[in-house]
Amino acid sequence: MRVYPDYLVINHNYDRFQVKNQVRENPYMTLTMTPNPDIHFEMRGDIAVVRLTRPTKRNALNDALIASIRQIFENLPDNTKAAVIAGDGDHFCAGLDLSDLKERDAGQGMHHSRSWHVALERVQYGPVPVIAALHGAVVGGGLELASACHIRVADDTAFYALPEGTRGIFVGGGGSVRIPRLIGVARMTDMMLTGRVYNAAEGERVGMAQYLVPAGTAFDKAFELAQRIGQNAPLTNYALTHVLPRIAEQPADQGFITESMISAIAQAAPEAKQRVRDFLEGRAAKVQKS
Ligand code: 1HE
């Protein structure tokens with residue numbers, strides 16, 4: 001039996017989290033859900049809404065917030081169809097809470113980074129599609145969090161940067177894996193080497209966000225998309241969030257095989273058959289020119 005590292009055992013001075021099992025084989029151990037004033041979770045119908053509520057610190061992500069994000073996405077209610085993540089105040093998220101950046105040795109630093117990986121993996125490969133509603137600063141770990149979501153909606157106030165490069169550190173929340181898949185290695189390299197900041201329009205143009213909306217409307221647009229996505233067949237949403245990114249990493253010949261299998265599974269579901277029948281019998285909406 002192995003003992004898993006400290007990052008899984010988050011002991012805050014006021015005992016926010018308790019770990020059910022501190023020693024077990026599975027590193028993905030379950031944490032009990034306990035309140036954290038810096039994050040808010042609610043269900044609006046069947047859409048989960050997660051808000052970072054630490055505006056005085058620009059929603060900077062400390063260890064407790066990372067643990068809470070993980071907890072929330074591990075414990076979404078069974079009826080959840082999609083989720084929206086947003087930030088209170090003038091900014092989505094200022095990234096890693098730099099005041100948490102303690103002297104760590106290499107091993108501790110690696111485990112800290114791995115704690116982000118586990119939490120953001122829960123966002124990306126959780127049970128439902130997740131839409132990020134972006135405004136103001138989407139920087140450092142904030143961009144890493146946004147890039148773990150499936151769709152990003154940004155308003156006109158959004159701006160993107162990776163200040164890690166100029167702070168003498170490196171991304172550690174999965175950014176080097178996910179951000180190049182959005183914008184390409186060359187743009188991420190430029191952002192980190194030069195401290196380049198992309199404004200909202202530039203960010204949308206290069207693929208940082210998929211939607212650009214007027215200031216103050218990102219949440220509403222994200223929520224509207226979440227409701228629309230929630231009406232899809234669950235298996236299709238699962239295929240898109242869990243299988244498509246894996247296919248995209250596979251060599252083409254393996255990708256074709258995986259695609260054929262998930263496509264067969266999706267179309268065999270009774271719900272898929274009903275939806276196709278609805279179209280053929282004139283009950284389902286046509287595709288409309290936009
Ligand atoms: C913070 C943080 C933070 C703000 N950690 N405390 N991220 C950064 O390098 C970005 C650092 N932040 C900024 O550049 C600016 O704060 C913003 C552009 C995001 C917003 O500017 P502004 O003028 O609205 O706010 P502010 O006055 O700079 O900050 C307000 C308070 O938030 C202030 O604290 P106060 O006690 O003096 O009021 C700031 O210190 C605090 N604050 N951002 C801690 N990030 C897994 S690895 C990920 C690695 C990274 O993410 S590195 C990138 C970190």
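## Ligand shell, sheet and helix packing

Around the ligand stand 22 residues, of which Ala 94, Gly 95, Leu 96, Gly 140 and Gly 141 come nearest; a residue counts as near if its C-beta atom, placed from the backbone, lies within 6 Å. This is a predicted model, in which local features need pLDDT of at least 70, side-chain atom pairs count only at pLDDT 80 or more, and totals for chains, interfaces and linings use all residues. Numbering starts from 1 along each chain as its sequence is written.

By class, the shell around the ligand holds nine nonpolar, seven polar and six charged residues. Ala, Val, Leu, Ile, Met, Phe, Trp, Tyr, Cys and Pro count as nonpolar, Asp, Glu, Lys and Arg as charged, and the others, Gly among them, as polar.

An open sheet of three strands has the order E5-E7-E8, with mixed pairing. Strands E5 and E8 stand at the edges with a single partner strand each, so one side of each is left without a neighbour in the sheet. Strands pair if DSSP finds at least two bridges between them. E5 and E7 run parallel and are joined by three bridges, and Ala 137 stands opposite Phe 159 in E7.

The elements are DSSP runs: helices are H or I with at least four residues, strands E with at least two, numbered from the N terminus.

| Element | Residues |
|---|---|
| Strand E5 | 137–139 |
| Strand E7 | 159–161 |
| Strand E8 | 198–199 |
| Helix H3 | 141–148 |

Helix H3 lies across E5 and E7, at about 85° to E5. Angles run from 0 to 180 degrees between N-to-C directions, and axes are lines fitted to C-alpha atoms, for helices over the stretch in contact. Contact requires C-beta atoms, placed from the backbone, within 7 Å.

Notes: Two residues are in contact if their C-beta atoms, placed from the backbone, lie within 7 Å.
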